[in-house]
Amino acid sequence: MSTHQYILAEADRASDRGTERGRSRLRYVSYTHYSQEWTSQLHSHTCAELFFITGGRGDFLIREERFPVGVHDMVAVNAGVPHTETSQNGSPMEYVVLGVEGLETIAGTGGYTLLSQAVESALSGCLRILIQESREPRAGCDEICQRLLEVILLRLTRRDDFALSAAPAGAGSSRECSLVRRYIDNHFKENLTLDQLAELAHINKYYLSHSFRREFNTSPISYLISRRIQESRFLLAETDHSLSQIAQILGFSSLSYFSQSFRRLEGISPNEYRRRHR
């Protein structure tokens with residue numbers, strides 16, 4: 001997998017302009033060319049992602065739903081939605097990804113939207129400039145990229161089958177709880193404890209537990225376990241790793257703890273899940 005990513009500076013992001021699109025901020029631009037050594041795993045992000053397929057063919061897996069994509073298609077995935085992508089043999093997929101903060105696609109319960117043949121010539125031109133700017137960042141690069149994002153969003157919302165809204169996540173979530181959740185999303189395979197998470201957020205661990213449950217309707221450790229189980233579903237269905245290997249990869253202290261946690265959240269054993277999805 002060959003990937004180039006450019007992350008915009010926080011201070012340079014454009015300010016709120018009073019519209020749904022104006023509240024969205026471009027966090028990063030990446031360009032990816034698929035190769036055989038890439039291991040695709042379900043993951044999620046703290047911002048929405050817009051995938052523009054610029055070459056080849058492949059599949060998107062979002063939660064447990066899989067669907068094909070090809071050149072000129074676009075997939076919008078909301079923040080927090082588990083997803084991954086795989087390339088078709090003989091036709092390596094190429095795509096541009098825009099990470100967009102403060103935005104979500106108005107979609108069904110899946111939290112994503114697929115637009116076929118969405119990358120018309122005008123959008124292709126914007127994407128080419130975004131890649132050029134991100135590869136050789138110069139003065140004004142971030143502002144140019146932000147303005148190009150706004151043009152792209154305006155053109156997409158002209159379609160009858162695509163709608164956007166401001167992401168509601170920031171409305172009620174505290175800064176500390178959001179920080180802890182993002183950290184868990186990025187480090188859930190590590191041996192995390194409540195004390196470590198509280199130290200990260202510089203707050204008392206009992207206050208963190210109470211606030212996190214109020215914000216997200218679950219405790220920090222329960223959220224950590226759910227992220228591991230979410231990842232385990234992919235490993236069970238798409239790899240030949242043993243249950244012991246999966247438990248170790250995901251940071252569980254033992255195979256029995258992994259099996260108990262999986263059954264509690266999924267209602268079936270890991271072996272039964274693997275059998276059903278094979």
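## Buried cysteines, a histidine loop and a helix crossing

Cys177 is buried, at a relative accessible area of 1% (buried is under 20%, exposed is over 50% and partly exposed is in between, using a 1.4 Å probe and protein chains only). This is a predicted model, where local features need pLDDT of at least 70 and side-chain atom pairs count only at pLDDT 80 or more, while totals for chains, interfaces and linings use all residues. Residues are numbered from 1 along each chain as its sequence is written, and side-chain values use heavy atoms, leaving out hydrogens and water.

Now the overall picture. The chain has nine helices and eleven strands (DSSP runs numbered from the N terminus: H or I of at least four residues for helices, E of at least two for strands). Of its 278 residues, 47% are buried. Look at contacts with a separation of 6 or more, and 71% of them join residues 24 or more positions apart (a contact means heavy atoms within 4.5 Å).

| Residue | Relative accessibility | Class |
|---|---|---|
| Ser134 | 3% | buried |
| Cys47 | 4% | buried |
| Ser87 | 17% | buried |
| His43 | 24% | partly exposed |
| Arg213 | 47% | partly exposed |

Next, the histidines. His43 sits in the loop that runs between strand 2 (25–33) and strand 3 (48–55). His83 is 40 residues away along the chain, yet the two C-alpha atoms are separated by 5.5 Å. Leaving out residues up to four places away in sequence, His43 touches Val81, Pro82, His83 and Thr84.

Beyond four places in sequence, Ser87 touches Tyr34, Arg57, Gly58, Pro92 and Met93. Ser134, in helix 1 (residues 121–135), reaches the backbone oxygen of Ile131 with its side chain, at 3.0 Å.

Then there's a helix pair. Helix 4 (residues 194–201) and helix 5 (residues 205–216) have axes that come within 9 Å and cross at roughly 90° (axes are lines fitted to C-alpha atoms, for helices over the stretch in contact, with angles from 0 to 180 degrees between N-to-C directions). So helix 4 is roughly perpendicular to helix 5, a label that covers 65 to 115 degrees, with under 35 called roughly parallel, over 145 roughly antiparallel and the rest oblique. Helix 4 brings Leu194, Asp195, Leu197 and Ala198 to the contact, and helix 5 brings Lys205, Leu208 and Ser209.

Arg213 is in helix 5 too. Setting aside neighbours within four places in sequence, Arg213 contacts Thr218 and Ser219. It also leads back to Cys177: the pair is 36 residues apart in sequence and 9.2 Å apart in space, C-alpha to C-alpha.

Key:
A polar contact is a pair of N or O atoms within 3.5 Å; within protein, one must be able to donate a hydrogen and the other to accept it, and residues adjacent in sequence count only if both atoms are side-chain atoms.
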